[in-house]
Amino acid sequence: MKITKQQSGDILVVGVSGELDHHSSALLKSEIGAELDKGGVRHIILDLRELTFMDSSGLGVLLGRYKELGKWQGKMLAFGLQPVVEKMFRLTGLNQLIPVHPDLASCYKALGV
Amino acid sequence: MEVTNYFTLTIPAYSRNESFARVVVAAFAAQLDPTLEEINEVKTAVSEAVTNAIIHGYGEKGGEIVITCTLRADNTLEVIIKDTGVGIEDLEQAREPLFTTRPDLERSGMGFTVMEEFMDSVSVDSKPGQGTVVTMTKKLSTGEQGGHETNL
């Protein structure tokens, strides 16, 4: 799994590529955690265009970061889901908490940027 | 129903083997030329069961996981994932959506729900102190039914 991070204002865009499972979820947790610890991040946009697999362990780590953002009313949004990942979002109801948008521009728009 | 192919694989309960386990099962199932969606569903269910064994069965302290796969003449895939870890005290509770014994690890409690959603049948046999056996089946379509692209 590869992770990219890009901050614009108080929005952190996190790109996740490869497979997100129990083994790789620790890395995603620490990478996002490091950015949140610095302060200055309010919202997170997940770029999942290159994410080819996610199981419920991935779901757990995304939920954990979602809850962290909730401490300061931050939002988490996602875009670019492949069908297999989109199915997990839908099946588990994650899309009710992390809205899925068609592209990055509409994520920014939803955040009022 | 006649068995047409099978394998048994024993792996250490390391988290780095989660992807290995699901890819091996997917590669085995791919001989029927099922749809990409079916392959992804099998991979996800296997990932859930193997992860449960690693985290809950063995508490991330090692042990072995035995994976047995069987293909039958009616194109049914059976996957059995066995550990000899701590077992499950309350099976009914363990299968409830969102239930987890490890919220500290940010477990979502959706593992069994995902397995049940993606496979045709899921049965769990567990005895505290002796381990857990998860048996899942799924009837797969074949390439003869339309020609599929499969990407493992």
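## Phe89 of chain A

Leaving aside neighbours within four places in sequence, Phe89(A) is in contact with Leu81(A), Leu94(A), Asn95(A) and Val100(A). The model is predicted. Phe89(A) lies in helix α3 of chain A. Is Phe89(A) buried or exposed? Phe89(A) is buried, because 21 other C-beta atoms lie within 10 Å, and 20 or more count as buried.

Pro99(A) sits 10 residues from Phe89(A) along the chain. The C-alpha atoms of the two are separated by 9.5 Å.

## Two helices of chain A

Two packed helices are described by the angle between their axes and the distance between the axes. In chain A, helix α1 covers residues 22–38 and helix α2 covers residues 56–70. Their axes lie 8 Å apart, at an angle of about 15 degrees. Angles under 35 degrees count as roughly parallel, so α1(A) and α2(A) are roughly parallel to each other. The crossing of α1(A) past α2(A) is right-handed.

Which residues of α1(A) and α2(A) meet? From α1(A) come His22(A), Ser25(A), Leu28(A), Lys29(A), Ile32(A) and Leu36(A). From α2(A) come Ser57(A), Gly58(A), Gly60(A), Val61(A), Gly64(A), Arg65(A) and Glu68(A). By class, this contact of α1(A) with α2(A) has four nonpolar, six polar and three charged residues.

## Where the chains touch

Chain A has 16 residues in contact with 18 residues of chain B. On the chain A side, α1, α2 and α3 (83–92) each supply at least two residues. The largest share comes from α2(A), with seven residues. By class, the side of chain A that touches chain B has six nonpolar, seven polar and three charged residues.

## The sheet of chain B

Strands of a sheet pair through backbone hydrogen bonds, either parallel or antiparallel. In chain B, five strands form an open sheet. Their order is β1-β2-β3-β5-β4, and the pairing is antiparallel. Which strands stand at the edges? They are β1 (3–12) and β4 (121–127) of chain B. Each has a single partner strand, so one side of each is left without a neighbour in the sheet. From one strand to the next, the twist averages 10 degrees.

Helix α1(B) packs on this sheet. It touches β1, β2 and β3 of chain B, and its direction makes about 170 degrees with that of β1(B).

## Strand by strand

Start with β1(B). It pairs with strand β2 (residues 64–72) of chain B in the antiparallel sense, over nine bridges. Pro12(B) has Glu64(B) of β2(B) as its bridge partner. For Asn5(B), the partner in β2(B) is Leu71(B). β1(B) is hardly covered: the count of buried residues among its 10 residues is zero.

Next comes β3(B). It pairs with strand β5 (residues 131–139) of chain B over eight bridges, in the antiparallel sense. Val79(B) stands opposite Met136(B) in β5(B). β5(B) also pairs with β4(B), again antiparallel, over seven bridges. There, Lys127(B) has Gly131(B) of β5(B) as its bridge partner. The hairpin of β4(B) and β5(B) has three residues between the strands. In that hairpin, Gly129(B) takes a positive phi near 85 degrees.

## Glu78 of chain B

Glu78(B) has its place in strand β3 (residues 76–83) of chain B. How many C-beta neighbours does Glu78(B) have inside 10 Å? It has 18, and therefore counts as partly exposed.

Apart from neighbours within four places in sequence, Glu78(B) is in contact with Cys69(B), Thr70(B), Thr135(B) and Thr137(B). Met119(B) is 41 residues from Glu78(B) in sequence. In space, the two are 9.7 Å apart, C-alpha to C-alpha.

## Two helices of chain B

In chain B, helix α1 spans residues 17–29 and helix α2 spans residues 36–57. They pack at an angle of about 140 degrees, with their axes 9 Å apart. The crossing of α1(B) and α2(B) is right-handed.

On the α1(B) side, the contact is made by Glu18(B), Ala21(B), Arg22(B), Val25(B), Ala26(B) and Ala29(B). On the α2(B) side stand Ile39(B), Val42(B), Lys43(B), Val46(B), Ser47(B), Val50(B) and Thr51(B). By class, the contact of α1(B) with α2(B) has eight nonpolar, two polar and three charged residues.

Conventions
Residues numbered from 1 in each chain as written. Chains lettered and ligands numbered in written order. Predicted model: local features only at pLDDT ≥ 70, side-chain atom pairs only at ≥ 80, totals over all residues. Axes fitted to C-alpha atoms, helices over the stretch in contact; angles between N-to-C directions. Helix = DSSP H or I, 4+ residues; strand = E, 2+ residues; numbered from the N terminus. Parallel < 35°, antiparallel > 145°, perpendicular 65-115°, else oblique. Left-handed = near helix turned anticlockwise from the far one by under 90°. Contact = placed C-beta atoms within 7 Å. Nonpolar A, V, L, I, M, F, W, Y, C, P; charged D, E, K, R; others polar. Buried ≥ 20, exposed ≤ 12 C-beta atoms within 10 Å, placed from the backbone. Pairing = 2+ DSSP bridges.
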